[in-house]
Amino acid sequence: MRTDEELMTAYVAGESSAFRELFERHSPVLMRVMRHQLRRPEDARDLVQQTFLQLHRSRNDFREGAQLKPWLFTIAMNLKREYFRRAGRRPETPLELDGRTDPAVGPRGHEQLEASDELGFALGQLPEEQREVITLHWLAGVPLPDVAQMVGASLSAVKVRAHRGYAAMRRALGEPGNSEGT
Amino acid sequence: MPDVAELDCVEVHEALLAGRPLSPAEAQHAASCPICSEGLPSGDAFLPSAELLNAIESDVRRETGVVAKLRALPTARRVLIGIVATMVFAVGTALVRPRWSFGPMPEERVGLVLAVLGVLITLMVWLGLRPLQAAPLGRRALLASVTASLLVPVLFAATPPGAESSALGDPGMVKGIMSCFLFGALPGVLFVLALRVLDRNAHHAASAALLAAAGGGLAGNLALEMHCPSVAPLHLLLGHATVGVVLVLTYRALRPSPGGVSREISPD
């Protein structure tokens, strides 16, 4: 299987099917990240759409040796920040993550859905800076050094946000009755 | 929370991401922690539709024409084009009515003003065309850049060598101020438009729009420095230094009002 970077290089060289493969590989995680931060599913889809369009526009900046995933997620996070600014409001407490209202959600077991509800709610209660870091680290699977690069903060600052965010989530999940909020 | 081993989720997730086996302490934490026990969430929970892929491919197919080609150029080349275009706008405008006298203004001073404006314009083009895959520009850096762009022309206007005393009531003063303001506004507006064309996000980002407008003021002052021989601080302050301020305020007012995701790149 070709790496992300090989696919991007192939796309820059004119192989359009490589773009489709990159979409199939990364759009599920991007969609998950956006859905955890935006209330409306259509806005999440729009931002994923914009992210890939911007990836296309940026293709000639891609250089050998660069990693694609930090690129893609930095674009997504920048677009998300701009979305909130344009919407004229603070980042939202998301969302109906239970999969029963969103046709984009794949099939999952009932217990998993309940756990996801609680986790989504706990994540939604975090301050934006912590939520952004944890969304990238936990949901998107991006290592902390790359998260630091994406959010434009130092590694130590990002580690502090992650530690505090995870601790707050654990506290929230340990308190009975939190799932009622979902 | 009770029963969760005293270790943070960060270590557990970093270990999983790095593909290394969990230590006993990490494994104990992972088993008892409600976050880590979910493991790394699989990516298949939110499946993007084929409709979304079609919409993106449709967007990509529409990326034709001169503007699309300019935006797709490597960033270094876009920055170079932005700088060259600014010089062409400024010098071209000034050549229409070039400065006929330096009066008491030493040539060194004119050189200094042109050099400082040139450096600031380069900085504003570089920051304004910052690609989206780069980390966001910090608020302080943005504020410092825009403030410098607005204040440097004020500083030069307030301290001309051999300054003449003047008042708004002087004959021709208001007309001269208006004339110079409009003269400077032309390359300023062209600068904003050039950066908008070269910006891959078409100035949807507030920071890029702000940098472009502030940079437009610098481009206007560059042209005015090669055009206007006045050494009256009042004229320079009201006719020259205000170009950037007015451009920033105007562009801020004219840009689309807040309201959700840009429709420029939404599905058909």
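Good morning. A helix, as the word is used here, is a DSSP run of type H or I with at least four residues, and a strand is a run of type E with at least two. By that definition, chain A has eight helices and zero strands. Please keep in mind throughout that this is a predicted model.

Let me begin with chain A as a whole. Along the sequence, its pattern reads α-α-α-α-α-α-α-α. The chain has 182 residues, and 47% of them count as buried. Consider next the contacts between residues at least 6 apart in sequence: in chain A, 65% of these join residues at least 24 apart.

I turn now to helix 1 of chain A, which spans residues 4–12. Which residues of this helix are buried? They are A:Leu7, A:Met8 and A:Tyr11. These three lie on the same side of helix 1, because the arc that they cover around the axis is only 95 degrees. Their cover includes two other elements of chain A, namely helix 2 (17–35) and helix 4 (68–87). Just after helix 1, the backbone at A:Gly14 adopts a positive phi of about 115 degrees.

In general, nonpolar side chains tend to be buried together in soluble globular proteins. In this model, the largest nonpolar core contains 61 residues, and A:Ala76 and A:Val147 have the most contacts inside it. Which element gives this core its largest share? Helix 4 of chain A does, with nine residues. As for A:Ala76, if we set aside its neighbours within four places in sequence, its contacts are A:Leu30, A:Val33, A:Leu47 and A:Thr51. Another core, of 48 residues, lies apart from the largest one, and its members include B:Leu127, B:Ala223, B:Leu236 and B:Ala241.

Helix 6 (residues 128–139) and helix 8 (residues 155–174) of chain A have axes that come within 8 Å and cross at roughly 90 degrees. The two helices are therefore roughly perpendicular, since angles of 65 to 115 degrees fall in that class. On the side of helix 6, the residues that meet helix 8 are A:Glu129, A:Gln130, A:Arg131, A:Val133, A:Ile134 and A:His137. Their partners in helix 8 are A:Val158, A:Arg161, A:Ala162, A:Arg164, A:Gly165 and A:Tyr166. How do the residues of this contact divide by type? Five are nonpolar, three are polar and four are charged.

We come now to chain B. It has 11 helices and zero strands. Of its 268 residues, 39% are buried. Among its contacts between residues at least 6 apart in sequence, 84% join residues at least 24 apart.

B:Gly188 lies in helix 8 of that chain, which covers residues 173–198. Is B:Gly188 buried or exposed? It is buried, because 34 other C-beta atoms lie within 10 Å, and a residue needs 20 or more to qualify. Which residues does B:Gly188 contact, apart from neighbours within four places in sequence? They are B:Gly216, B:Gly217, B:Ala219, B:Gly220, B:Val243 and B:Leu247. Take B:Val243 from that list: it stands 55 residues from B:Gly188 in sequence, yet the two are 7.6 Å apart in space, C-alpha to C-alpha.

Thank you for your attention.

Note on methods. Residues are numbered from 1 along each chain as its sequence is written. Chains are lettered from A and ligands numbered from 1 in the order in which they are written. This is a predicted model: local features need pLDDT of at least 70, side-chain atom pairs count only at pLDDT 80 or more; totals for chains, interfaces and linings use all residues. A residue is buried if 20 or more other C-beta atoms lie within 10 Å of its own, exposed if 12 or fewer, and partly exposed in between; C-beta atoms are placed from the backbone. Two residues are in contact if their C-beta atoms, placed from the backbone, lie within 7 Å. Axes are lines fitted to C-alpha atoms, for helices over the stretch in contact, and angles run from 0 to 180 degrees between N-to-C directions. Angles under 35 degrees count as roughly parallel, over 145 as roughly antiparallel, 65 to 115 as roughly perpendicular and the rest as oblique. Ala, Val, Leu, Ile, Met, Phe, Trp, Tyr, Cys and Pro count as nonpolar, Asp, Glu, Lys and Arg as charged, and the others, Gly among them, as polar. The arc is that of the directions from the helix axis to the C-beta atoms. A nonpolar core is a set of buried Ala, Val, Leu, Ile, Met, Phe, Trp, Tyr and Cys residues joined through C-beta atoms within 7 Å.
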